[in-house]
Amino acid sequence: MKKSLSFLMALMLVLAFIFTLNISNVKILFTGDIEQEAEKDLAGILEELKVDILKVPHHGSNTSLSMEFLKKVNFKTALISVGKNNYYGHPNEETILKLQNKKIYRTDQMGIVYIIIYKRKYNVFYNMKLKPNILYNTI
């Protein structure tokens, strides 16, 4: 029984949805729950991908954000969707260091994160108070 459960989990991870959403020329890359192996496969078929926002893969675990992937995906803002004080210790400190030149929004620290897109720009709000951070120009 254990084998079939791990096979089912592996199949679910393989079938993760990876897509780019483009609204008013603001591009967001959603990576689902992919890990480095899938990132490397994706990087192998990409020439270069310019997006404004990257939804960081696999909750910012140490098995996400391979160097091959980071070399191919150009982004300004990183969104890490992760529970506060989670069992796995996500996001991993190594992953955060890889994002040091990006603006990072983390749901474990900021609560709900809103991205408002208007006239080729986006603004990020968080904590239900809707305090604006800054308005970004798109790539």
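## Salt bridge

A salt bridge is counted where a side-chain nitrogen of Lys or Arg lies within 4 Å of a carboxyl oxygen of Asp or Glu. By this rule, one salt bridge is found in this predicted model. The pair consists of the side chains of Arg106 and Asp108, with 2.7 Å from N to O.

Side chains of opposite charge can pair when their charged atoms come close. Both partners are covered: Arg106 has a relative accessible area of 16% and is therefore buried, and Asp108, at 12% relative accessibility, also counts as buried.

## Overall composition

The chain has 139 residues, of which 35% are buried. Its secondary structure amounts to five helices and ten strands. The exposed surface comes to about 8900 Å², and carbon and sulfur atoms supply 58% of that area.

Among the contacts in the chain with a separation of 6 or more, 56% are between residues 24 or more positions apart.

## The five-stranded sheet

An open sheet is built from five strands in the order E1-E2-E4-E6-E7, with mixed pairing. Strand E1 (19-23) and strand E7 (103-106) each have a single partner strand and stand at the edges, so one side of each is left without a neighbour in the sheet. On average, neighbouring strands of this sheet are turned by 20 degrees against each other, direction ignored. Strands of a sheet pair through backbone hydrogen bonds, either parallel or antiparallel.

Several pairings can be followed across the sheet. Strand E2 (residues 26-30) runs parallel to strand E4 (residues 53-55), and three bridges join them; Ile28 has Ile53 of E4 as its bridge partner. E4 is in turn joined to E6 by three bridges, again in a parallel arrangement, with Leu79 in E6 as the bridge partner of Lys55. Four bridges connect E6 to E7, which also run parallel, and here Ala78 is partnered by Ile104 in E7.

In soluble globular proteins, nonpolar side chains tend to be buried together. The largest nonpolar core here has 18 residues, and within this core Phe75 and Leu99 touch the most other members. Helix H3 (67-72) and strand E6 (77-80) each contribute at least two residues to this core. Apart from its neighbours within four places in sequence, Leu99 contacts Val56, Leu65, Phe75, Ala78, Ile80 and Ile104. A second, separate core contains nine residues, including Ile28, Tyr105, Met110 and Val113.

Strand E8 (residues 113-118) and strand E9 (residues 121-126) run antiparallel and are joined by six bridges. One of the paired residues is Tyr114, whose bridge partner in E9 is Phe125. Ile116 also lies in strand E8. With a relative accessible area of 42%, Ile116 is partly exposed. Leaving aside neighbours within four places in sequence, Ile116 is in contact with Lys121, Tyr122, Asn123 and Phe125.

The hairpin has two residues between its strands, and Lys119 takes a positive phi near 50 degrees there. Arg120, in the loop between E8 and E9, has a positive phi of about 65 degrees although this residue is not a glycine. Its relative accessible area is 51%; the threshold for an exposed residue is over 50%, so Arg120 is exposed.

## The loop between E6 and H4

Most residues other than glycine have a negative phi, and most peptide bonds are trans. The loop between E6 and H4 includes Asn85, a residue other than glycine with a positive phi near 50 degrees. Asn85 counts as exposed, at 73% relative accessibility.

Pro91 is found in the loop between E6 and helix H4 (93-98). A cis peptide bond joins His90 and Pro91, with omega at about -5 degrees.

Technical notes:
Residues are numbered from 1 along each chain as its sequence is written. This is a predicted model: local features need pLDDT of at least 70, side-chain atom pairs count only at pLDDT 80 or more; totals for chains, interfaces and linings use all residues. Side-chain values use heavy atoms; hydrogens and water are left out. Two strands pair if DSSP finds at least two bridges between them. Axes are lines fitted to C-alpha atoms, for helices over the stretch in contact, and angles run from 0 to 180 degrees between N-to-C directions. A nonpolar core is a set of buried Ala, Val, Leu, Ile, Met, Phe, Trp, Tyr and Cys residues joined through side-chain atoms within 4.5 Å. Buried means under 20% relative accessible area, exposed over 50%, partly exposed in between (1.4 Å probe, protein chains only). Contact means heavy atoms within 4.5 Å. Accessible areas come from the Shrake-Rupley method with a 1.4 Å probe; for residues, only the protein chains shown count as cover.
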